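Here are my notes on the model you asked me to look over. Have it open next to the text while you read.

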Amino acid sequence: MPFSMTPSTDTASWNADDFRFMARALRLAEKGLYTTDPNPRVGCVLVHGNQVVGEGWHQRAGGPHAEIVALRNAGERAKGATAYVTLEPCSHHGRTPPCAGRLIEAGVARVVAAMQDPNPRVAGKGLERLRQAGIEVSRGLLEKEAERLNPGFIKRMRSGLPFVRSKLAMSLDGRTALASGESKWITGEAARCDVHRLRARSSAIVTGIGTVRADDPFLTARLAEATDLEQPARVIVDSRLQAPACARVFRQPGRVLVITTEADAGARQSLTDAGVEILEVEADATGRPAVSAVVRALGRLEFNEVLFEAGATLNGALLAAGVVDEWHVYIAPCILGDQARGLFHLPGLTEMADRPELAISDVRRVGKDMRLILRPSA
């Protein structure tokens, strides 16, 4: 990833070595991209006399934090060292003891944190505990890069909501499938691999009942480079519990949820017998689960990053509700014609002045296709 050289906050003046070691800690944190959920991705590098004496990253919830791995690696060499950590060391007892205390016990002389922990249980308390112990502390080195590693954790800690992405694949004329519903495959293999990386880093993959009935998808992440990947939860938005218990989405390993507004006893029993969790939320004006309520429910379940892969109806509701943080749109150089299916169902849109607008944040070629990343227009 590219690294900016502009310090953001706190009292320190950093040198080239500080940037180099924090960049190394960020690369370590990236190793947990697919495995740490619901915890953040964190890396730590311990340096003594300009030499790395220990390093580590958080690999899995319930496992040792990055600082603990680095301290174990360093042993006695941690005394007097500088700890470069991508997130403020925790100061509270969770599944594991507080990292700030362990750094103090190890005798580190200096701690450089890329960013403050957005968790209200920490939020500066870890850094303050280190200061009170006489350790030199600074914060803000490569902060934006650290934030980009954990958009979902940060947003959920600050708002209770997950970071929401929506993936769409379309032809050059903006169509997602033929009129018959046939859609495999609009995009090429490279774009589909890119989507699997998006899935793998997500806490949950969400689709609507229409997609389940039409395509019978697996909704799993399949990555050759991620052998220890835990499958994201699979979530079906299904207002009347119409999903057949034999659907392939229910027969894959991992957690499966159905979000509904009507939990008919017979349909509920059929799905719960298949190991499916049923969650009821409020309905919108059409009787379907309100997408804002769906997103709030996913936040309460501690899902950090949520990926929607849906049809025009659910995509239209997401767009109208303004709950998507990023749209990932893959454009294939093919034409499907004006009888094919479109991206968004927006029945209330009648005037150009009311059209939703998005801002392009990234454009790149992925194999034979193009990928746009768009965000809500400011």
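1. Ground rules. This is a predicted model, in which local features need pLDDT of at least 70 and side-chain atom pairs count only at pLDDT 80 or more, while totals for chains, interfaces and linings use all residues. Numbering starts from 1 along each chain as its sequence is written, and side-chain values use heavy atoms, with hydrogens and water left out.

2. Confidence. pLDDT is the predictor's confidence in each residue, from 0 to 100. The protein averages 89, and 95% of its residues reach 70 or more. Contact here means heavy atoms within 4.5 Å.

3. The five-stranded sheet. It is open and mixed, with 5 strands in the order β2-β1-β3-β4-β5; strands count as paired if DSSP finds at least two bridges between them. At the edges are β2 (51-57) and β5 (136-139), each with a single partner strand, so one side of each has no neighbour in the sheet. Neighbouring strands are turned by 15° against each other on average, direction ignored. Inside, β1 (residues 43-48) and β3 (residues 82-85) are antiparallel over 4 bridges, and Leu46 stands opposite Ala83 in β3.

4. Helices on that sheet. Angles run from 0 to 180 degrees between N-to-C directions, with axes fitted to C-alpha atoms, for helices over the stretch in contact. Helix α1 (residues 16-30) packs against β1, β2, β3 and β4 (110-113), at about 145° to β1. Helix α2 touches β1, β2 and β3, and its direction makes about 140° with that of β2.

5. The cores. A nonpolar core is a set of buried Ala, Val, Leu, Ile, Met, Phe, Trp, Tyr and Cys residues joined through side-chain atoms within 4.5 Å. Buried means under 20% relative accessible area, exposed over 50%, and partly exposed in between, with a 1.4 Å probe and protein chains only. The largest core has 41 residues, of which Met22, Leu46, Val111 and Leu130 touch the most other members. Its largest share, 8 residues, comes from α1. Val111 has contacts that include Ala83, Leu103, Leu130 and Val137. Apart from this core lies another, of 33 residues, among them Val206, Ala293, Val294 and Leu298.

6. What does UniProt place at Glu67? The unreviewed entry gives "active site" there; such annotations may be inferred rather than shown by experiment. Glu67 is found in α2 (residues 66-74) and is buried, at 3% relative accessible area. Leaving out residues up to four places away in sequence, Glu67 touches Cys44, Val85, Leu87, Pro89, Cys90, Cys99 and Leu103.

7. The nine-stranded sheet. This one is also open and mixed, in the order β11-β10-β9-β8-β12-β6-β13-β16-β15. The edge strands, β11 (277-280) and β15 (358-366), pair on one side only. β10 (residues 256-260) runs parallel to β11, joined by 4 bridges, with Val258 opposite Ile278.

8. Helix α6. It lies across β6 and β12, at about 135° to β6. In α6 (residues 151-159), the buried residues are Pro151, Gly152, Phe153, Ile154, Arg156 and Met157. Their cover includes α5, β6 (163-170), α7 (189-201), α10 (291-300) and β12. Just after the helix, Gly160 takes a positive phi of about 85°.

9. Is Ser183 buried or partly exposed? Ser183 is partly exposed, at 24% relative accessibility, and sits in the loop between β7 (175-177) and α7. Leu219 is buried, at 3%, in the loop between α8 (209-215) and β9 (233-237). Contacts of Leu219 include Arg199, Ile205 and Val249.

Methods. Helices (H or I, at least four residues) and strands (E, at least two) are DSSP runs, numbered from the N terminus.
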